Amino acid sequence: MKVTFWGVRGSIPCPGPETVRYGGNTACLELYLEEIDRRIIIDAGSGIRLLGNKLMAEQLPRGPIQADIFFTHTHWDHIMGFPFFTPVFIPGTKLNIYGPVTFENETLQDALNGQWTYRYFPVRHEELSSEINYIDLKEESIDLGQGLVLRTKYLNHPLLCLGYRFEFRGRIFCTAYDTEPYRNLFCNDPEDPAYDEAMAREGEKVAREENERLERFIRGADMLVYDTMYTRAELENGRRGWGHSSMEYAIESAGRNHVKHLVLFHHDPGRTDAQLDELDLRLCEPARSDEFHVSFAVEGTTLQL
Amino acid sequence: MAESPEILTGASKNRAGFAMDTERRIKTIKRFIERMPSLPTSVTKVLEICNRPDTSPNDLNRVISLDPVLTGQVMKLINSAYYALPNRITSLTRAIIMLGINTVKNLALATSVLSTFRDRIACRRMTMDDFWAHSLGVGVIAKTLAQITGVTAAEQETYFVAGLLHDLGKIPLANKFPGEYDQVVETVGSNGASLVECEQKVFGVDHLHVGGMIAGKWRLNHDMQAAITGHCLECGDVSDHTVAIMVALADYLAVRFDIGAAGNREIEDKVLIAALGRISIRPDKLEGLRSKVEQEIERARDFLKIAGRED
């Protein structure tokens with residue numbers, strides 16, 4: 001398995017001299033299974049444009065482009081590059097597109113179609129020349145054929161959002177973005193007039209159980225790509241409920257669940273290269289060991305599992 | 001419309017026959033209201049709690065839990081919409097933590113309102129969808145007007161709920177006498193008659209009065225009752241209750257914006273401007289209101305798609 005990071009940012013592309021090393025494009029990963037020549041793309045943030053260009057240059061001369069695209073969710077930063085993914089306009093291209101339905105039970109296709117309207121983009125979805133097959137996912141386990149098995153898990157984000165766990169010939173690649181640790185939302189202060197002991201207790205239990213479920217989902221992954229938009233201090237300071245995790249939490253959680261390589265991902269657009277270097281020294285370096293590697297995702301790099 | 005005079009004058013009936021008809025109709029309506037589901041938790045309570053922007057998880061859990069039917073519906077919706085695995089979410093507490101307070105709150109809101117309104121209207125000229133869109137539009141506009149006049153965020157919800165429920169009285173009329181109600185809707189506007197006048201001619205009673213009967217049965221609070229029974233600016237005895245005036249105004253604006261339909265006719269600019277003056281709103285303050293209202297309605301419609309499903 002080879003994993004290439006085409007976009008590593010959250011929220012919005014942020015090109016500029018201060019983000020040139022870690023990259024300014026939004027979320028897009030490519031997982032390539034060499035043994036079976038199969039390509040999986042996760043999310044179509046602005047980074048997918050460059051991947052499309054590469055496929056046009058290298059893949060198309062050898063035959064029609066085929067790929068499976070998995071959307072974690074349909075927030076803007078994860079879909080904005082899709083209309084600029086050139087293979088989608090090429091006759092013969094075959095795409096299987098997977099992802100969650102929205103809260104309103106709107107299909108993935110309907111949710112994505114919104115951006116293929118004249119008011120946002122000059123080409124309508126009906127006019128695309130490629131063959132696109134949409135598959136709605138819930139929390140489930142599916143056999144993708146050729147020995148590739150996928151498990152999905154709902155994450156904690158303001159929109160229905162899926163984490164993906166691909167297992168292929170004994171290796172495991174897993175994503176957990178965008179997500180925030182579950183917490184007890186119920187009043188926990190016995191002095192507060194709204195306090196209800198049973199509710200508070202159940203709230204604690206549910207939050208713990210749901211966090212444990214996510215830990216089981218990531219357990220034993222050879223590589224885990226995790227939403228770590230914030231530091232713990234930032235998250236606790238006015239960003240609760242936004243649906244993102246802290247670097248510290250991801251490191252602790254991956255560490256105790258025998259993940260081999262944790263990749264910190266979905267960098268805040270305001271985070272500069274210098275700040276990421278500093279955070280690497282302060283948070284990643286002390287956590288590294290022979291069994292556990294932690295690094296920040298860098299746009300344009302490829303990692304081997 | 002050509003056929004209106006007969007309805008308006010009752011020319012084909014003698015007075016005694018008309019009175020008997022009226023009595024029978026009112027009896028039918030009363031029976032209908034008696035059989036309307038009485039809500040174990042007052043519908044306004046659910047609506048008020050759910051509509052507050054700062055609803056606390058504790059309040060939300062409490063207000064939904066008080067109503068076992070509503071709890072069941074919310075759990076059913078959550079499980080079918082979200083999980084391939086059946087009954088994965090087994091408690092409201094878990095649902096609130098996993099799906100977030102807004103998701104659960106919106107489901108509860110849609111479910112509680114819809115269970116009241118569902119399948120109760122079968123008129124050609126005022127379909128359930130039209131009626132629902134109109135009610136929702138009036139709710140959203142009333143709330144926005146309240147905002148403009150500086151009503152606090154917590155109190156704005158009263159205006160929303162009052163707007164949503166203001167036409168409750170039309171449900172029994174349109175449900176029991178769909179043919180007659182179609183005629184009423186057709187007639188409104190000809191001969192200068194208002195909806196309320198047409199209803200009185202045909203049924204001997206109007207939707208304000210019938211709405212008052214339902215509000216009484218449901219023990220809705222004073223503001224709701226005032227809005228339901230007093231939202232007619234054209235009627236002689238104009239309410240001086242602020243919520244009622246605001247809802248009445250929202251009612252006319254919804255017609256003007258062409259949002260849904262509930263039989264009302266459009267009113268003249270000078271009546272509208274005079275009414276705005278009564279609650280100290282300058283007409284230019286209404287700019288942009290229409291698109292805001294349309295967005296809110298679209299959002300609410302999405303929830304209804306789920307809540308409206310039988311399975």
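**Figure 1. Strands E1 and E2 of chain A pair in the antiparallel sense.** In this predicted model, A:Lys2 stands opposite A:Tyr32 in E2(A). E1(A) covers residues 2-7, and E2(A) covers residues 28-33. Five bridges join the two strands. Strands of a sheet pair through backbone hydrogen bonds, either parallel or antiparallel.

**Figure 2. E1 and E2 of chain A belong to an open sheet of seven strands.** The order across the sheet is E6-E5-E4-E3-E2-E1-E14. Pairing is mixed. Strand E6 (131-137) and strand E14 (302-304) of chain A stand at the edges. Each has a single partner strand, so one side of each is left without a neighbour in the sheet. Direction ignored, neighbouring strands are turned by 20° against each other on average.

**Figure 3. Chain A holds another open sheet of seven strands, with mixed pairing.** Here the order runs E7-E8-E9-E10-E11-E12-E13. Strand E7 (141-143) and E13 of chain A are the edge strands. Each of these pairs on one side only. Neighbouring strands of this sheet are turned by 15° against each other on average, direction ignored.

**Figure 4. E11 and E12 of chain A pair in the parallel sense.** Five bridges link E11(A) and E12(A). A:Val225 stands opposite A:Val263 in E12(A). Two helices that pack on this sheet are shown as well. H4(A) touches strand E8 (148-154), strand E9 (162-168), strand E10 (171-176) and E11 of chain A. The direction of H4(A) makes about 145° with that of E10(A). H6(A) touches E11, E12 and E13 of chain A. The direction of H6(A) makes about 165° with that of E12(A).

**Figure 5. Helix H6 of chain A and what covers its buried residues.** H6(A) spans residues 247-256. Which of its residues are buried? They are A:Met247, A:Ala250, A:Ile251, A:Ser253 and A:Ala254. An α-helix has 3.6 residues a turn, so residues three or four places apart point the same way. The cover includes helix H4 (197-218) and helix H7 (273-287) of chain A. It also includes strand E11 (223-227), strand E12 (261-265) and strand E13 (293-296) of chain A. A:His258 follows H6(A) and has a positive phi, near 60°.

**Figure 6. Helices H13 and H14 of chain B cross at roughly 160°.** Two packed helices are described by the angle between their axes and the distance between the axes. H13(B) covers residues 207-217, and H14(B) covers residues 222-229. Their axes come within 8 Å. Angles over 145 degrees count as roughly antiparallel, and H13(B) and H14(B) are therefore roughly antiparallel to each other. H13(B) passes H14(B) in a right-handed crossing.

**Figure 7. The contact of H13 with H14 in chain B, residue by residue.** H13(B) brings B:Leu208, B:Gly211, B:Gly212 and B:Ala215 to the contact. From H14(B), B:Met224, B:Gln225, B:Ile228 and B:Thr229 meet them. Four residues of this contact are nonpolar, four are polar and none is charged.

**Figure 8. Chains A and B in outline.** Chain A has seven helices and 14 strands. Chain B has 17 helices and zero strands. Of the 305 residues of chain A, 42% are buried. In chain B, buried residues make up 44% of 311. Consider contacts between residues at least 6 apart in sequence. In chain A, 67% of such contacts join residues at least 24 apart. In chain B, 72% of them do.

Methods
Residues numbered from 1 in each chain as written. Chains lettered and ligands numbered in written order. Predicted model: local features only at pLDDT ≥ 70, side-chain atom pairs only at ≥ 80, totals over all residues. Axes fitted to C-alpha atoms, helices over the stretch in contact; angles between N-to-C directions. Helix = DSSP H or I, 4+ residues; strand = E, 2+ residues; numbered from the N terminus. Parallel < 35°, antiparallel > 145°, perpendicular 65-115°, else oblique. Left-handed = near helix turned anticlockwise from the far one by under 90°. Contact = placed C-beta atoms within 7 Å. Nonpolar A, V, L, I, M, F, W, Y, C, P; charged D, E, K, R; others polar. Buried ≥ 20, exposed ≤ 12 C-beta atoms within 10 Å, placed from the backbone. Pairing = 2+ DSSP bridges.
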